[in-house]
2 protein chains.
Amino acid sequence: MQFNQVLENVTTYEAGKPIELVVREFGVNPKDVIKLASNENPYGTSPKVVEKIKGLVQNMFIYPDDSMFELKEALANKFDLTSKHVIIGSGSDQILEYCVHAKCEKGSKILMAKTTFAMYEIYGKQTGATIIKTQDDQHNLEQFSKLYKEHGADVIFLCLPNNPLGECLDKDDVYAFLETIDKETLVVVDGAYQEYAAFKDEKKRIVPKDLIANFPNAIYLGTFSKAYALGGMRVGYGIAQPEIINAFYKLRAPFNITTLTLAAAIEALKDEEFVNACIAKNFEEMTRYEDYVTSRGFEYIPSYTNFITIKFGDKFVSKTVAQKLLERGVIVRDLTGYGQNAIRITIGRNEQNTKVFEQLDEVLEKLK
Amino acid sequence: MQFNQVLENVTTYEAGKPIELVVREFGVNPKDVIKLASNENPYGTSPKVVEKIKGLVQNMFIYPDDSMFELKEALANKFDLTSKHVIIGSGSDQILEYCVHAKCEKGSKILMAKTTFAMYEIYGKQTGATIIKTQDDQHNLEQFSKLYKEHGADVIFLCLPNNPLGECLDKDDVYAFLETIDKETLVVVDGAYQEYAAFKDEKKRIVPKDLIANFPNAIYLGTFSKAYALGGMRVGYGIAQPEIINAFYKLRAPFNITTLTLAAAIEALKDEEFVNACIAKNFEEMTRYEDYVTSRGFEYIPSYTNFITIKFGDKFVSKTVAQKLLERGVIVRDLTGYGQNAIRITIGRNEQNTKVFEQLDEVLEKLK
């Protein structure tokens, strides 16, 4: 059977490996598996949210309120905007899909950093758009500007901070860049890890209200999957001018998040204290990774997220290191597919990280 | 900002009204609201599934196994196929989206019944495809054949049984029709309510394995939202030859169902006894609706589902009836938007249905 020709160029996303796979393939006891491959919040979901949802499990048969009235109001309050500025997605990932599918078709152009979130390119190729990438791995706005002047773009993706590398542009630099962009170009500010970046360095903070007031062609994406510890529940949001939100609604399927997800997101917004505590612990633990990597003679990319990218240079092959760790029940992300001889590790809890260092030492010792 | 031109023709789906809305707008006590507008299973989720999920709520922070290994295996076993024949979606709704987006672009043609599930047309218009509809409201295969010979089609939708009207074609008639269809045309057999139809009348039963063996251009869609009582959890599936499944995978975003949804669907498949009991009760209660409607001098469409469509002819205006019921906390679906002076009511539990009859009598008395 023939399918749309554009699909021929589409590759599928390779997700971080699940605990179930390690248990199945290597016989590791599920309790001993350390999963630090998908940047989940390692402290788990807020106990308040867990309690709330336990009391609602019997509602699994009922469709959610498709207007998402209460969640949109809560987000509007959080960002000092109205619910007309908000759209909810099955992860911010789904809003990425709307960004591309609302703006792009065959012949459209999408501009992004060389090494950034893989779904930008996958969604782009689904529409037949041309993908234009900067030369540097990390976000380099001079290169973005040069390519934009040369080719133009229907959509520009800025991942702030960037997944999978961890770097983050300063807000002032982003704004200066946005001043030069045509108002017909949709600029996507993917803030999946913004809570971490803003905590570490105020210069990185993007305020959605301010962003979209200054740049009506920009959209801010946030997620509950990372700092809010609801990765498994699939919920994120887009903040933009109503003109953009209304267009995206034409692509949104009804009931795009679950009944329990809706309730969990509403509840999670009430427990910002938990979120902040997790972020603080994240950066305490990150210094341990930085010290570890330096002491072993490798390099890392300074990270504004809840993960760290460790580069092995010409010393080890990252794919082998990741595989050996996997066999020992430690799941990390090999970045070979991103053109990097590096692994990306989510910053885990204190005891998890201690085990990672031990296991990594053993693996590297054997690979010498 | 300009968006893709095709979006200009897209309308958004109007979901059944949620309990929250009735509580907000009419001050009805949530416990007194009877929601029979979205064809959920009124008996609630299987207690075994509820118990299982209660014990997994703390996993909300972890992404699901994106390979969906266990669920795909369970479905493959159920249908005597392999996991290569299975794709999982956020409701079978998401598989509908894949069907259209994998096959259609501007200039494509989609053939469907005049009055059928609204999302077929919405997804179609997102791609710029032309929608071709039969003249009769209910599925009429002669009209399908005539239109197919005249225009051809990239995708054909058969809703078996049909939502929102409730009728169902016989399997033998469907097969005879499929014999005449070109193998390049994707035929979607939407079986969201198949468990109900097959229970009521064996002649309606579509067996996925048999369907796709005879017609490799057909896909069978099933859902956990109806008989399996997981509407709020958003999970459905497509069963087709691997060639089709592989193409659809290029459109599937990672983690398209939640961690709790994955576990709930696996557990629900283990409790078929519960499902069968719900379906049996559904048809017992449906006879009460049939008797009620007849005794009041209205007409209904014989239904192979868990809902019934009541036609008011020239006696009442369905929109008014639905609104008056809503104000009393009884949520049903007005079908004016589908060109019908009718309401669609989900067959509820015994005590709910008794209240519906009482409230409907009072509403109609006042509207006389």
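How many residues does the contact take from chain B, and how many from chain A? Hi everyone, that's my way into this one. What you see is a predicted model, and the answer is 74 residues from chain B and 74 residues from chain A.

Let's talk about area. Chain B and chain A bury about 6,300 Å² between them, and 61% of that is on carbon and sulfur atoms. On the chain B side, M1(B), M60(B) and Y63(B) supply 13% of the area buried against chain A, more than any other three residues.

Between chain B and chain A the count is 4 salt bridges. One of them joins R24(A) to D65(B), with the closest N and O atoms 3.8 Å apart. Who lines the chain B side? Several helices of chain B give two or more residues to it, among them helix 1 (19-26), helix 4 (92-103) and helix 11 (259-268). By residue type, the side of chain B that touches chain A divides into 36 nonpolar, 19 polar and 19 charged.

Last, the symmetry. A rotation of 180° with 0.0 Å of shift along its axis superposes chain B on chain A, at an RMSD of 0.0 Å. That is the relation of a two-fold axis. Of the residues of chain B, K54(B) comes closest to that axis, its C-alpha lying at 2.8 Å. And 100% of the interface residues of chain B are also interface residues in chain A, so the copies meet through the same surface.

Technical notes
Residues are numbered from 1 along each chain as its sequence is written. Chains are lettered from A and ligands numbered from 1 in the order in which they are written. This is a predicted model: local features need pLDDT of at least 70, side-chain atom pairs count only at pLDDT 80 or more; totals for chains, interfaces and linings use all residues. Side-chain values use heavy atoms; hydrogens and water are left out. Contact means heavy atoms within 4.5 Å. Buried area is the accessible area (1.4 Å probe) that two parts lose on being put together, summed over both. A salt bridge is a side-chain nitrogen of Lys or Arg within 4 Å of a carboxyl oxygen of Asp or Glu. Helices (H or I, at least four residues) and strands (E, at least two) are DSSP runs, numbered from the N terminus. Ala, Val, Leu, Ile, Met, Phe, Trp, Tyr, Cys and Pro count as nonpolar, Asp, Glu, Lys and Arg as charged, and the others, Gly among them, as polar. Copies are superposed by least squares on the C-alpha atoms of residues with pLDDT of at least 70 in both.
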